[in-house]
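Visitor: Hi, I have a few quick questions. Can you put the structure up for me?

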Amino acid sequence: MSDFTSFWYSDDMEEQVAVSDGEFLLLNTNTRKVEKLGSTFEEAKESLKVLGKFENFSDFQ
């Protein structure tokens, strides 16, 4: 069973970045889609930029 250790919410509250078992995940609350962002904060930050979602996560800026 996975434990989520940290959460960051997007500015519109529709998505979350969560850390589970050392992996950063992007969770969409509407579609329930999950995308892997990487295993470090920097990898997650870069993945958010590539996905065009970086600006919506002020905690990552």
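This is a predicted model: local features need pLDDT of at least 70, side-chain atom pairs count only at pLDDT 80 or more; totals for chains, interfaces and linings use all residues.

Visitor: How many salt bridges does a search of the whole structure find?

Guide: Two.

Visitor: Okay, what does Glu15 pair with?

Guide: Glu15 forms a salt bridge with Lys53. Their closest N and O atoms are 3.1 Å apart. This pair joins distant parts of the chain. Glu15 lies in strand 2, residues 15-20. Lys53 lies in the segment after helix 1, which spans 41-50.

Visitor: Is Glu15 buried or exposed?

Guide: Buried. Its relative accessible area is 7%, and buried means under 20%.

Visitor: And what is the relative accessible area of Lys53?

Guide: For Lys53 the value is 24%. Lys53 therefore counts as partly exposed, because that class runs between 20% and 50%.

Visitor: What about Lys33, which residue is its salt-bridge partner?

Guide: Glu35. The closest N and O atoms of Lys33 and Glu35 are 3.8 Å apart. Glu35 is partly exposed, at 23% relative accessibility.

Visitor: New topic. Where is Gln16 found?

Guide: In strand 2. Gln16 is buried, and its relative accessible area is 12%.

Notes: Residues are numbered from 1 along each chain as its sequence is written. Side-chain values use heavy atoms; hydrogens and water are left out. A salt bridge is a side-chain nitrogen of Lys or Arg within 4 Å of a carboxyl oxygen of Asp or Glu. Helices (H or I, at least four residues) and strands (E, at least two) are DSSP runs, numbered from the N terminus. Buried means under 20% relative accessible area, exposed over 50%, partly exposed in between (1.4 Å probe, protein chains only).
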